[in-house]
Amino acid sequence: MKRVVISFFSWLLCLIAVHAQMEDPIKWNIQLVPVEESLYDISFHAKLDPGWHLYDMNLPEGGPVSTSFNFDKSEGVELVGDVTTTSQPVRKHDNSFNMELSWFENEVTFVQRIKITDEAKMDVAGYVRYMVCNDQNCMPPTEEPFSFTRLSGASGPAQEQGETVESAGTEKRNLLPAFAENRWWTPVVSQMKALGERNVSPDTSIGLIFIYGFVGGLLALLTPCVWPMIPMTVSFFLKRTKNRKKSIRDAFSYGLAIIVIYLALGLLITGIFGANALNALSTNAIFNILFFALLVLFAVSFFGAFELALPAKWTTKLDSKADATTGLISIFFMAFTLVLVSFSCTGPIIGTLLVQAASMGAVAGPAWGMFGFALALSIPFSLFAIFPSWLQQMPKSGGWLNSVKVVLGFLELALALKFLSVADLAYGWRILDREVFLVLWIVIFALLGLYLLGKLKFAHDTDLPYVSVSRLFMAIVSFAFALYMVPGLWGAPLKTISAFAPPLYTQDFNLYKGDVHATFTDYNAGMEYAAREQKPVLIDFSGYGCVNCRKMEAAVWTDAQVKNMIDNDYVLITLMVDDKTPLAQPIVVEENGKERTLRTVGDKWSFLQRYKFQTNTQPYYVLLDNDGMPLAPSYSYDEDIDKYVRFLESGLEKYKK
């Protein structure tokens with residue numbers, strides 16, 4: 001854990017370093033060097049600025065990013081052996097990562113030998129992935145592209161012995177790729193501003209994450225790890241001193257310390273990830289599968305299979321610190337002890353909250369989520385200190401606390417499927433289509449209803465002699481929700497869960513005809529068609545992991561008037577910025593003075609949105625004429641149907657003029 005936290009801090013320092021100075025501490029010179037007939041060496045020479053070091057290949061897990069050499073294409077050649085180097089690495093104990101590591105200083109040359117099997121077809125391309133650090137900070141993991149090609153019809157080596165060919169990956173490209181060299185890709189930022197474009201939409205995700213955190217904190221209060229601690233802690237502060245004002249002040253300080261601890265965790269996550277990193281995480285298959293597995297683990301823990309607990313010595317050490325100190329420091333250590341002791345119950349809730357914050361892509365999301373969580377968790381300690389008589393009215397601890405954990409386990413299991421769905425959609429696996437997703441949710445909430453009625457029992461549950469009114473009503477809600485989803489198996493839109501369920505087009509059996517389908521998913525092809533048909537264009541920048549996109553499609557696009565206008569008056573082009581389908585060939589572009597490699601279809605559409613409109617949020621709707629010029633200000637997430645109709649009508653009116 002310590003290793004991971006230190007690594008995260010290094011990334012944070014690295015981001016600060018990148019913004020503070022735009023220098024690059026490493027320079028690569030990648031060349032093709034003849035050895036003998038048909039044998040060549042690809043020489044990767046790295047020169048580092050003083051004080052910086054480049055990490056070695058094949059480092060152990062849990063440390064920095066190893067230097068790796070990746071070949072995307074190797075036609076007409078054979079790779080002979082692995083990448084080697086004659087330079088001797090420095091081997092030291094790295095205090096930042098707390099492990100033995102090896103790295104290179106000043107300069108180093110790596111070599112990959114290749115054998116040319118077909119000179120005419122020779123095409124080698126790939127990239128070096130590496131990470132460099134100094135004693136203060138690290139640069140983020142970076143890629144250095146390279147490529148070598150031969151002219152068709154060449155009959156032998158084109159160079160004399162010892163002559164080198166520089167990698168095409170080191171050339172600076174100031175031109176757009178071929179697919180963008182037309183009028184439809186022309187940047188239109190000034191035209192958008194002239195139409196009244198605000199360019200910044202209110203970030204409602206921050207408020208939602210805060211609410212999620214606050215609700216999560218309230219739920220954490222009702223767990224067996226926290227609820228019994230409330231009267232014990234408040235009684236301690238009341239008995240600690242006969243001064244009523246001081247006891248109330250201590251209780252407030254205790255609540256404030258809880259907020260500070262959890263907020264620090266949120267700020268740490270906020271500092272580690274930028275908005276772009278969070279947005280990338282939200283659609284990355286590995287991370288979404290990891291989130292899925294993590295939430296399933298949390299659910300299983302809440303079901304009682306095992307308990308997630310931090311090492312007991314941490315709690316003991318903090319407890320002794322609290323006893324050995326006085327004043328505010330003692331109160332802070334007491335709050336820290338509560339955080340650790342309650343981890344087995346609060347950990348899964350916090351983990352779910354942080355996962356949700358990451359998936360929403362808001363840069364300050366983790367901090368706001370933790371603030372909401374800690375605020376809800378701290379309020380009772382202060383309130384009961386002010387009104388100690390309320391302690392007599394608190395429900396006593398019992399089996400109902402465990403029931404709360406199990407209910408949370410069912411909810412986390414349902415939420416876990418959402419993250420698996422995002423990865424499934426982005427990569428086109430089609431293992432979790434809409435009807436499969438709905439069947440699983442129907443089963444989960446039906447089982448939850450049975451549990452609430454006492455018909456399903458876990459090993460650690462107490463006997464339920466009767467069903468209370470509250471459990472009955474919750475069971476009714478759970479069963480009703482399960483039945484509500486049943487028509488979705490035949491294509492009903494189910495607007496309530498549209499943000500979680502896969503889109504309608506993934507459903508094999510669909511009797512519903514009110515949904516809107518994109519005419520095109522390729523920008524240039526759609527623009528060509530619209531020009532021929534003399535129709536304006538509605539561009540929909542969307543994403544498989546975009547929750548608000550699904551809400552707009554279910555709540556706004558299904559309206560009869562909106563659907564009619566989109567289907568008949570516009571050419572709809574939907575561009576998924578997280579589509580992981582590989583491009584036929586990676587495309588290198590220059591953006592903000594740096595080279596970027598577009599490797600997937602989603603990369604291409606994300607680049608289009610940034611390049612043409614200088615925005616990267618989804619959903620993002622824009623109306624264009626047949627020259628690619630805007631017809632109206634853009635539209636973001638807003639489920640007001642009348643506003644969306646006016647948005648479409650304004651574009652039609654401008655187009656007709």
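Student: Which residues and atoms count here?

Tutor: Because this is a predicted model, local features need pLDDT of at least 70 and side-chain atom pairs count only at pLDDT 80 or more, while totals for chains, interfaces and linings use all residues. Residues are numbered from 1 along each chain as its sequence is written, and side-chain values use heavy atoms, with hydrogens and water left out.

Student: How many helices and strands does the protein chain have?

Tutor: Helices (H or I, at least four residues) and strands (E, at least two) are DSSP runs, numbered from the N terminus. In the protein chain these come to 19 helices and 17 strands.

Student: What share of the residues counts as buried?

Tutor: Buried means under 20% relative accessible area, exposed over 50%, and partly exposed in between (1.4 Å probe, protein chains only). Here 49% of the 657 residues are buried.

Student: In what order do the strands of the open sheet stand?

Tutor: Two strands pair if DSSP finds at least two bridges between them. The open sheet has three strands in the order β14-β13-β17, with mixed pairing. Since β14 (571-576) and β17 (620-624) each have a single partner strand, they stand at the edges, and one side of each lacks a neighbour in the sheet. From one strand to the next, the twist averages 20°; axes are lines fitted to C-alpha atoms, for helices over the stretch in contact, and angles run from 0 to 180 degrees between N-to-C directions.

Student: Which strands run parallel, and which pair in the antiparallel sense?

Tutor: β13 and β14 run parallel, joined by six bridges; F541, for instance, has L575 as its bridge partner in β14. With β17, strand β13 (residues 537-542) pairs in the antiparallel sense over five bridges. There V537 stands opposite L624, and D540 stands opposite Y621.

Student: Is β13 covered or exposed?

Tutor: β13 is mostly covered, with six of its six residues buried. V537, I539 and F541 point one way from the strand, and L538, D540 and S542 point the other way.

Student: Which helices touch this sheet?

Tutor: Contact means heavy atoms within 4.5 Å. Helix α16 (residues 547-555) lies across β13, β14 and β17, and runs at about 140° to β13. Helix α18 (residues 601-613) also packs on the sheet, touching β13, β14 and β17, and its direction makes about 65° with that of β17.

Student: Where is T506, and what does T506 touch?

Tutor: T506 is found in the loop between α14 and α15 (523-533). With 1% relative accessibility, T506 counts as buried. Leaving aside residues up to four places away in sequence, T506 touches L425, R430, D433, R434 and E435. T506 and D433 are 73 residues apart along the chain, yet their C-alpha atoms are separated by 5.3 Å.

Student: Is V469 buried or exposed?

Tutor: V469 has its place in helix α14 (residues 469-485) and, at 59% relative accessibility, counts as exposed.

Student: What share of contacts joins residues at least 24 apart?

Tutor: Among contacts in the protein chain between residues at least 6 apart in sequence, that share is 74%.
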